[in-house]
Amino acid sequence: MTTIRKLTQNDFIRFDCPICKASSLCDIHYMNIGNFGGIQTDTYMLVCRACSKGSVWKRYEWNNNYDYKLRLVDPIVPNAPEPAHDMPDDVKTDYEEARLVVELSPRSSAALLRLALQKLCKHLGERGEHIDTDIRALAKKPEFGERLIRAADTLRITGNNAVHPGEMDENDIDNVSNGLFELLNLIVTAGIAEPKKWDAMYECLPESPRKAAEKKDGRGD
């Protein structure tokens with residue numbers, strides 16, 4: 001969203017362009033439906049002076065002609081965090097869809113992230129069929145401490161309650177919806193990215209002492 005507080009009658013302000021990401025001046029153009037008697041739409045086109053491209057904004061709060069707020073309509077720009085680099089593609093598909101809808105429907109986003117977690121469990125070595133059973137199994141693995149299991153349960157419980165009316169207040173879902181993305185990324189980092197990094201470091205060790213250590217620990221052939 002952006003707030004319009006024009007100090008003069010000039011139809012331009014400084015804003016963060018959702019297209020080129022520049023902090024730039026933009027020209028404000030009010031949009032109406034001219035063929036139907038100039039019907040007002042409370043919709044504006046903000047044309048960035050840095051990239052010369054326009055974005056569409058809807059007015060949702062108005063104090064006067066020089067003080068009002070706009071919400072971005074087009075293009076759709078997700079505010080939630082980007083997916084972790086090592087997130088599997090099928091998990092990432094649900095994650096990206098959740099990013100697109102979180103501003104419009106936090107409950108839908110929570111349900112999609114719960115589905116993403118269930119798919120992720122399969123990549124973490126579980127069956128991927130019953131998410132609660134999978135999380136309990138992950139809790140027994142050394143790479144998953146109590147905080148990460150709590151993160152997984154937060155995703156699971158919030159996603160479940162998003163589709164079961166009355167079990168969790170909708171405002172509570174709204175309050176945690178953006179944080180759920182970070183929780184899923186944390187699980188990807190702990191369960192996939194960090195083990196991959198540790199394994200790569202281990203494989204760089206000289207083979208002879210590495211094999212000797214494995215033999216002492218009963219890990220060798």
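Trainee: Which side chain does E82 meet in a salt bridge?

Mentor: The side chain of R99, with N to O at 3.7 Å. A salt bridge here is a side-chain nitrogen of Lys or Arg within 4 Å of a carboxyl oxygen of Asp or Glu. Before going on: this is a predicted model, so local features need pLDDT of at least 70 and side-chain atom pairs count only at pLDDT 80 or more, while totals for chains, interfaces and linings use all residues. Residues are numbered from 1 along each chain as its sequence is written, and side-chain values use heavy atoms, with hydrogens and water left out.

Trainee: Where do E82 and R99 sit in the chain?

Mentor: E82 is in the loop between β6 (67-74) and α1 (89-101), and R99 is in helix α1, 17 residues apart. Helices (H or I, at least four residues) and strands (E, at least two) are DSSP runs, numbered from the N terminus.

Trainee: And R99, buried or exposed?

Mentor: R99 counts as buried, at 7% relative accessibility. E82 counts as exposed, at 55%. The cut-offs are under 20% relative accessible area for buried, over 50% for exposed and partly exposed in between, with a 1.4 Å probe and protein chains only.

Trainee: How many salt bridges does a search of the whole structure find?

Mentor: It finds 13. Another one of them joins the side chains of D94 and K119, at 2.8 Å from N to O. D94 lies in helix α1 and K119 in helix α2 (residues 106-123), so this pair ties together parts that are 25 residues apart in sequence. D94 is buried at 7% relative accessibility, and K119 is partly exposed at 30%.

Trainee: Changing topic. What is the overall layout, read along the sequence?

Mentor: The pattern is β-β-β-β-β-β-α-α-α-α-α-α, which comes to 6 helices and 6 strands. The chain has 221 residues, and 34% of them count as buried.

Trainee: What share of the contacts links residues 24 or more positions apart?

Mentor: Among contacts with a separation of 6 or more, 46% are of that kind. Contact means heavy atoms within 4.5 Å.

Trainee: Which residues of α3 and α4 meet?

Mentor: From α3 there are I131, D132, I135, R136 and L138, and they meet I149, A152, D153 and R156 of α4. By class, the contact has 5 nonpolar, no polar and 4 charged residues. Ala, Val, Leu, Ile, Met, Phe, Trp, Tyr, Cys and Pro count as nonpolar, Asp, Glu, Lys and Arg as charged, and the others, Gly among them, as polar.

Trainee: Which residue forms a salt bridge with D153?

Mentor: R136 does, and the closest N and O atoms are 2.8 Å apart. D153 is in helix α4 and R136 in helix α3, so the pair ties together parts 17 residues apart in sequence. D153 is buried, with a relative accessible area of 16%, and R136 is partly exposed, with 33%. Salt bridges with shared partners join D132, R136, D153 and R156 into one network.

Trainee: Backbone next. Which peptide bond is cis?

Mentor: The one from D74 to P75, with omega near 5 degrees. P75 lies in the loop between β6 and α1.

Trainee: What is the phi of K21?

Mentor: It is positive, about 70 degrees, although K21 is not a glycine. K21 is in the loop between β2 (12-16) and β3 (23-33) and is exposed, with a relative accessible area of 58%. S52 also has a positive phi, about 65 degrees, and is not a glycine. S52 sits in the loop between β4 (39-48) and β5 and is exposed at 59%.
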